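I opened this notebook to record what I looked up in the structure shown below. My entries follow the order in which I worked.

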Amino acid sequence: MIELQHVTKLYPASSRPALDDVSTEIDKGEFVFLIGSSGSGKSTFLRLLLKEDDPTKGNVIVNGKTLNTMSKWQVPKLRRTIGCVFQDFRLLRNRTVAQNVAFALEVINKPQRTIKRVVPEVLEMVGLEGKAQRLPSELSGGEQQRVAIARAFVNRPLVLLADEPTGNLDPETSEGIMLLLERINRTGTTVVMATHDYHIVDSMRRRVIELNGGALTRDQSRGVYGVGR
Amino acid sequence: MRVNFVLSEVATGLRRNLTMTVAMILTTAISLGLMGTGLLIAGMISDMKEIYYDKVQVSIFLADDVTDEQRSAIEQQLAGSPEVANHIYESKDEAYARFQQQFSQQPELVQNTPADALPESFRVELVNPERYEVIAAEFPNGQNGVDQVRDEGDFLDRLFSLLNGARNATIAVAVVQALAALLLISNTIQLAAFNRRNETNIMRLVGASRWYTQLPFILEAALAGLIGALLAIGGLVVTKVLFVDKTLAGPIRAGIIPPVDWGAIAFISPVIAAAGVGLAGVAAYVTLRLYVRI
Ligand SMILES: Nc1ncnc2c1ncn2[C@@H]1O[C@H](COP(=O)(O)OP(=O)(O)O)[C@@H](O)[C@H]1O
Ligand SMILES: [Mg+2]
């Protein structure tokens, strides 16, 4: 499903690699936490999976496709199979909740008929039925993140990447978001979530991949945030 | 492709950068208008060459005291010369009539010119226009009733080099303006892409095709190019009606300057429109490729 083979990423104008010879494999349907302190390379890891950037060395394989050799025009097709969510939600401020979700389908040419059907479905799934006509500014942070998750999931991606999705949220709200991600994971979607929130990691007891200065220092199933914490 | 989506994005884009859009349209219009003017002058030059070079290459002006024998001797010599393709005789009266018509806009000039001031002449068309010297040698100035032999071709050459210069200058300014227009288009598109970076970032992440993401920007530029082209064509029409047809009416009727007819404008209009749309669209595409991550 997802495989990194000796992946090194060196940003131009930086001497220390953001990822340093990282190899790992993530199977279909897994739920994986990507942990590590700020600057340890979590976001870089996720960006490489999206082919937002290319590794300096090594291979990245997603959904059976080797990204290094993938041509530019094939990238949109890859991204249609990957949903992503960020700490800052990235909603369009001048569009309603429903329009924000529909936007993701419109720009990949889904028929209007399909959009009319699936947008309310996914809004109900994330618990936002009845708030479809609100603007993002009229929602709480947790609700905004739910919209972002709905947008990422509405096209039923094989993989959901979440980069610190609870970074801006209080613990209770975060818990709701985690329940939602778990529910998405139960539909068979692989979820990779970068975080440094140890409460969440410790309570979920899922696979943990730890990065430290770009190097993979731990890969543990049913792990906790800090060893011996 | 969702037409509504693309069109509403284009409209929003143009409205959001109104000042840049106006600047972009105006520079494009000026550039295209000058380009059209250059093309019209080029057409005019070739029309004029037809009018002039075909008719007259050498004028033989006769002396005031020329006798009938001298005149018919000249005529016979012209008729018998293998160098001469054609010749016509213009009497003093005909010369004056033509003068009156040429300068109908300047009545004082016509009034102050006595009816017999203009000399009679033979207008000669040569088999080979370059062979002026031969004819000039056959009719020495001031002898046998000949006052002066003049190479009209020489004058025309200078006239046409002047007109060609005017055409080249117009086109050169058009090119400089086009460069300015291209830079403005590139700038506007970069600004538009920056304004819409949230949308395009999301489009990129959810897997919208490059084409889908870029099309609104390219159409935005192409539409501005089209509006610029329409303004330029309008400018040419106004110039024809208000300047060429009014101010130059006299010389045009006299046959000195060929008219700018609607056919010529109709012919270059699609060229201008295509140039406007094409250049703007290509400029936008290249800008997106080079400067904007989409
Ligand atoms: N676009 C970039 N250009 C240069 N250096 C970068 C860039 N993005 C990240 N980095 C560097 O790479 C390292 C890893 O960053 P990142 O992957 O964002 O870590 P994390 O998400 O774990 O905080 C950091 O040292 C960061 O400064
Ligand atoms: Mg990060």
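**Entry 1. Record and model.** I noted at the outset that this is a predicted model. Residues 21-45 of chain B are 100% helix and 0% strand, with 36 Å between the end C-alpha atoms. Residues 215-242 of chain B are likewise 100% helix and 0% strand, and their end C-alpha atoms lie 40 Å apart.

**Entry 2. Helix H8 of chain B.** I asked how many of the ten residues of H8(B), residues 197-206, are buried. The count is seven, so the helix is largely enclosed by the rest of the structure. I listed them as Glu199(B), Thr200(B), Ile202(B), Met203(B), Arg204(B), Leu205(B) and Val206(B). Just after the helix, Gly207(B) adopts a positive phi of about 90 degrees.

**Entry 3. Ligand 1.** I next looked up the residues around ligand 1, which include Tyr11(A), Arg16(A), Ala18(A) and a run from Ser37(A) to Thr44(A). By class, the shell comprises two nonpolar, seven polar and two charged residues. For Thr44(A), a polar side-chain atom is 2.5 Å from a ligand oxygen. The protein covers 60% of the 560 Å² of accessible area that ligand 1 has on its own.

Terms used: Residues numbered from 1 in each chain as written. Chains lettered and ligands numbered in written order. Predicted model: local features only at pLDDT ≥ 70, side-chain atom pairs only at ≥ 80, totals over all residues. Heavy atoms only, no water. Helix = DSSP H or I, 4+ residues; strand = E, 2+ residues; numbered from the N terminus. Buried < 20%, exposed > 50% of the residue type's maximum accessible area, 1.4 Å probe, protein only. Near = heavy atom within 4 Å. Polar contact = N/O pair within 3.5 Å; in protein donor to acceptor, adjacent residues only side chain to side chain. Areas by Shrake-Rupley, 256 points an atom, 1.4 Å probe, with all protein chains shown as cover. Nonpolar A, V, L, I, M, F, W, Y, C, P; charged D, E, K, R; others polar.
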